[in-house]
Structures are given as structure tokens and as C-alpha cells.
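Please open the structure in your viewer and keep the selection tool at hand.

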Amino acid sequence: MSETMKAAVIHDFGGADQFSIEDVAVPKPVDGEVLIDVQASGINPIDFKTRNGTGINRGWETVPAKIILGWDISGIVVESQSDAWRAGDAVFGLPRFPELTVGFSVFVTAPGNELARKPDGISHLEAAAVPLAGLTAWQALFDNASLENGQRVLIHAGAGGVGHLAIQLAKWKGAHVTATCSARNTDFVSSLGADDVIDYTHFDFSEKAADMDVVFHMISPDTRPQSYATLKDGGFLASITGPLSPEELKDHKANGRFVTVRANGGQIQNIAGLMESGELKVHIDAIYSLADIAEAHKHVEGGRTRGKVVLDLTT
Ligand SMILES: NC(=O)c1ccc[n+]([C@@H]2O[C@H](COP(=O)([O-])OP(=O)(O)OC[C@H]3O[C@@H](n4cnc5c(N)ncnc54)[C@H](OP(=O)(O)O)[C@@H]3O)[C@@H](O)[C@H]2O)c1
């Protein structure tokens with residue numbers, strides 16, 4: 001096998017033009033890890049935020065020499081130091097997050113216990129689109145908000161990467177789902193199973209939604225007061241776009257938490273099971289090659305993605 005591989009590298013924080021495709025050393029798996037031939041990598045807002053210096057890397061003053069971004073991956077195990085996997089296995093996941101995974105490259109190493117088997121009927125492009133968004137939805141709705149069968153949940157940005165998976169997970173749990181999106185996405189969001197869809201471009205969602213047990217807040221922090229207004233007293237607001245102060249929770253008679261997603265092998269296996277059974281379907285908005293990573297980043301940065309944007313590492 002070659003000692004080097006292609007990777008999308010940045011040497012400084014900034015715009016999408018920071019990327020260059022370079023030859024870098026293929027990493028070596030250590031005990032408990034596998035080396036994966038990456039077939040596809042999903043792109044998330046955290047990728048462009050980290051690229052421009054407002055994401056995971058807030059604490060760094062400059063890029064440490066160079067970094068390879070990208071967290072969501074799906075691929076084939078080519079070398080295993082993990083009891084869980086053998087060469088030839090098809091796996092996917094969000095390994096190491098929030099540490100760097102270097103997913104925008106031809107090979108990555110990953111801890112075996114943070115991966116799931118890719119279901120046979122699901123392509124690598126589909127599998128790579130799910131981990132970060134799916135785990136975020138799972139951890140916000142189930143681990144933090146403890147969403148239960150029969151409860152009412154308001155899910156913002158129902159057409160986006162996290163939102164379109166969150167709607168399906170909440171329906172799988174048996175909740176009543178109200179979702180927000182713009183007019184062009186209302187049919188799409190209904191098709192995901194949302195019971196009520198609010199076009200936020202024509203209506204104030206806080207006048208259309210009420211008595212929520214849970215709000216999944218993934219839009220601007222400025223709109224949190226309207227989200228609180230839709231909650232029952234004692235309801236739960238799960239924010240993934242900014243921390244909540246104890247004062248605001250008290251003022252709104254609400255419970256809540258700022259949720260930051262973490263790699264979780266058991267949960268990615270649960271999600272794989274739902275993908276295999278057809279209960280969780282990912283929508284791919286666009287596919288780019290590694291060479292076109294700047295365009296892919298600009299697509300996600302535009303804020304209008306329906307479902308997910310994915311890199312095809314095989315082209
Ligand atoms: N804390 C964490 O661990 C964590 C994890 C994942 C994501 N996040 C954050 O959560 C946010 C959402 O992530 P994502 O991956 O879902 O992003 P995304 O896929 O880029 O979201 C795009 C979607 O947002 C919708 N949207 C934009 N403004 C809206 C509004 N005011 N009301 C309703 N929908 C709106 C758009 O729908 P329309 O075109 O119909 O407007 C579009 O479909 C990002 O800020 C991301 O950084 C945080």
C-alpha cells in the first residue's frame with residue numbers, strides 16, 4: 001500500500017479558498033484502532049466553522065502547521081488492530097469527535113469501538129451523511145430531553161441535516177412532531193413524518209406552536225425567547241446553537257441544556273439498525289468530489305442545505 005494519500009488540507013483559518021489537496025502520510029492504526037479506506041465523508045456546519053476559526057478550534061490562535069478537517073466517515077477497513085473488525089468490513093461513524101478525525105482524506109484511523117457496521121442496503125454516501133447529525137439528534141432528544149412516546153416536540157430547521165433526522169427519530173419514539181422550515185421545504189418536511197409544519201418565512205412559529213414538552217433549538221440563539229414561549233411550564237429546551245443561562249431557564253419556567261455531540265459507538269449502532277430497517281432515511285442534497293471540497297463547504301455555509309452534503313472520496 002502507498003505510504004501517502006490525498007487529503008484536503010488547510011494551513012490557516014479562513015474562507016473555503018484555504019483548502020489545498022496535498023499528499024500526506026497514511027496514518028497507522030494503534031492498538032484498538034482500524035485503518036479505513038474512506039469512501040465518503042459527510043460535511044457539517046462544524047467543518048466550515050472550524051475552517052474559519054469559530055468552531056472546535058476556538059482556543060487555537062493559528063492552525064498548528066496544517067490540519068485535515070472532516071469527521072463523518074464511511075469506508076472499508078484495510079487493517080485492524082481492533083477485535084471488533086476485520087479487513088474488508090464496511091464501517092461508518094463519527095470517530096474521535098470532537099478531536100480531529102481527518103475525514104477529508106483517503107485513509108483515516110479510528111477507534112474500533114466508535115464505529116458501526118454499515119448496513120448492506122445503505123451506500124457509503126448515505127452512511128457518511130448520518131453520524132454527526134444523527135448522534136446530535138439522538139443525544140439531544142433522548143439523552144438530554146428524555147423525549148417519550150406521546151409527548152409534543154417542536155423541531156426547528158426540519159429540512160436541515162440534524163432536523164430531518166430528528167423528525168424521524170422523534171416519530172420513531174412516538175412523539176407528536178411540529179417542525180419549522182421555509183415554504184420551499186414544507187412538502188419535504190411533511191414527507192419525513194412531521195405532524196404539523198410551520199413555514200417560518202410567513203408565520204411567527206411562537207404563535208402557531210404551543211404546549212410543547214420539548215423544543216429542539218438549532219437556529220439562531222436570538223430566537224430562543226420565542227422557543228421558550230411554545231413550551232409547557234417545566235418543558236425542556238435542548239439547544240445546540242448556544243449555552244443557556246440559569247436565569248433564562250428560571251425566567252421561562254423551563255428546563256434545558258446546551259448539548260454538544262460526542263462520538264458514541266453504541267448509539268451509532270442503534271442508528272445503523274434504524275437505517276437498516278428503513279425507519280431512518282437520510283436525504284442527500286448534493287455530492288462533491290474531494291477536489292471540489294471548497295464548493296462543498298460553500299454549499300453548507302449557504303445555510304439552505306436540504307438534508308446533507310457529502311464528499312465522494314472514490315472519484
Ligand atoms: N452543538 C452541537 O453538538 C451541534 C451538532 C450539530 C449541529 N450543530 C449546529 O446546529 C445547527 C444546525 O445544524 P445542521 O447540520 O442541521 O445545519 P444545516 O443542515 O446547514 O441546516 C440547514 C437548514 O436550516 C434551515 N433553516 C435556516 N434558518 C432557519 C430558520 N430560521 N428556521 C427554520 N429552519 C431554518 C434551512 O431550511 P430552509 O432552507 O427551509 O430555511 C436548511 O434546510 C448549525 O448551527 C450547527 O453548527 C450543533
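Which of the 25 residues around the ligand come nearest? Select Lys49, Gly161, Ser182, Tyr200 and Thr305: these come nearest to the ligand. A residue counts as near a molecule or strand if one of its heavy atoms lies within 4 Å of it.

Before continuing, note that this is a predicted model, in which local features need pLDDT of at least 70 and side-chain atom pairs count only at pLDDT 80 or more, while totals for chains, interfaces and linings use all residues. Residues are numbered from 1 along each chain as its sequence is written, and side-chain values use heavy atoms, leaving out hydrogens and water.

**Stop 1: the ligand**

Remain at the ligand and select asparagine 185, where an N or O atom of the side chain is 2.8 Å from an oxygen atom of the ligand. Next select arginine 304, which has a polar side-chain atom 2.8 Å from an oxygen atom of the ligand. At valine 259 the backbone takes part: one of its N or O atoms lies 2.9 Å from a nitrogen atom of the ligand. Taken alone, the ligand exposes 930 Å², and the protein buries 85% of that; accessible areas come from the Shrake-Rupley method with a 1.4 Å probe, and for residues only the protein chains shown count as cover.

Now colour the elements that contribute to the shell around the ligand. α1, α3, α4 (161–173) and β10 (176–181) each supply at least two residues of that shell. Helices (H or I, at least four residues) and strands (E, at least two) are DSSP runs, numbered from the N terminus.

**Stop 2: helix α1**

Select residues 45–52, which form helix α1. Ile46, Asp47, Phe48, Thr50 and Arg51 are buried here; buried means under 20% relative accessible area, exposed over 50%, and partly exposed in between (1.4 Å probe, protein chains only). The cover over these buried residues includes β1 (4–10), β3 (33–43), α3 (131–144) and α10 (293–301).

Within α1, centre the view on threonine 50. Why is threonine 50 called buried? Threonine 50 is called buried because its relative accessible area is 1%. Leaving out residues up to four places away in sequence, threonine 50 touches Phe13, Gly55, Ile56, Asn57, Leu69 and Trp71, where contact means heavy atoms within 4.5 Å. Just after α1, glycine 53 takes a positive phi of about 95°.

**Stop 3**

Move to valine 91 in strand β6 (residues 90–93). Valine 91 counts as buried, at 0% relative accessibility. Apart from neighbours within four places in sequence, valine 91 is in contact with residues including Ile36, Trp85 and Leu115.

Follow the chain into the loop between β6 and β7 (107–111), where proline 98 is found. A cis peptide bond, with omega of about 10°, joins phenylalanine 97 and proline 98. Valine 102 is in the loop between β6 and β7 too, and has a positive phi of about 60° although it is not a glycine. Most residues other than glycine have a negative phi, and most peptide bonds are trans.

**Stop 4: two further loops**

Select alanine 183, in the loop between β10 and α5 (186–191). Is alanine 183 buried or partly exposed? Alanine 183 is partly exposed, with a relative accessible area of 39%, and touches Asp199, Thr201 and His202, not counting residues up to four places away in sequence.

Finally, select aspartate 211, in the loop between α6 (205–208) and β12 (212–217). Aspartate 211 has a positive phi of about 60° although it is not a glycine, and is partly exposed at 49% relative accessible area.

Conventions. Polar contact = N/O pair within 3.5 Å; in protein donor to acceptor, adjacent residues only side chain to side chain.
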